[in-house]
Amino acid sequence: MYFTDRGIEELAARRGEEEVSIDWLAEQLRTFVDTFPEFEIPVERLATWLARLDDDED
C-alpha cells in the first residue's frame with residue numbers, strides 16, 4: 001500500500017455511498033489548487049488522466 005492510499009481509503013470510507021457530478025468534482029479540484037497551488041501539476045495530470053480514460057490506446 002502506498003502512503004497516499006490512506007487518503008483514498010478515507011475518501012472511500014467517508015463518502016463511498018455518495019454520488020457526485022463531474023462538475024462538482026472539477027469545482028473541488030479548482031478549489032484545492034487555489035488553496036494549494038504547489039499541487040497544480042499533479043491535479044492537472046489527474047484531471048487529464050480521468051478525462052481520457054475512455055480514449056483508445058493506439
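We start with a pair of helices and then move to the pockets.

You're looking at a predicted model, where local features need pLDDT of at least 70, side-chain atom pairs count only at pLDDT 80 or more, and totals for chains, interfaces and linings use all residues. Residues are numbered from 1 along each chain as its sequence is written, and side-chain values use heavy atoms, with hydrogens and water left out.

Stop 1: Select H2 (22-35) and H3 (40-51); helices here are DSSP runs (H or I, at least four residues), numbered from the N terminus. Their axes, lines fitted to C-alpha atoms over the stretch in contact, come within 10 Å and cross at roughly 165 degrees. Angles run from 0 to 180 degrees between N-to-C directions and those over 145 count as roughly antiparallel, so H2 and H3 are roughly antiparallel.

Now show side chains: Leu25, Leu29, Phe32 and Val33 in H2 meet Glu40, Val43, Ala47 and Leu50 in H3 (contact means heavy atoms within 4.5 Å).

**Stop 2: the largest pocket.** Its volume is about 910 Å³, the space filled by probe spheres set on grid points joined across faces, edges and corners. A pocket is an open set of points on a 1 Å grid over the protein atoms alone where a 1.4 Å probe fits, with protein on both sides within 12 Å along at least five of seven lines; lining residues have an atom within 4 Å of a point. Select Ile8, Leu11, Leu25, Leu29 and Leu46, the closest to its centre of the 21 lining residues.

**Stop 3: the second largest pocket.** This one is about 270 Å³, and its lining includes Ile22, Arg30 and Glu44.

Terms used. Helix = DSSP H or I, 4+ residues; strand = E, 2+ residues; numbered from the N terminus. Parallel < 35°, antiparallel > 145°, perpendicular 65-115°, else oblique.
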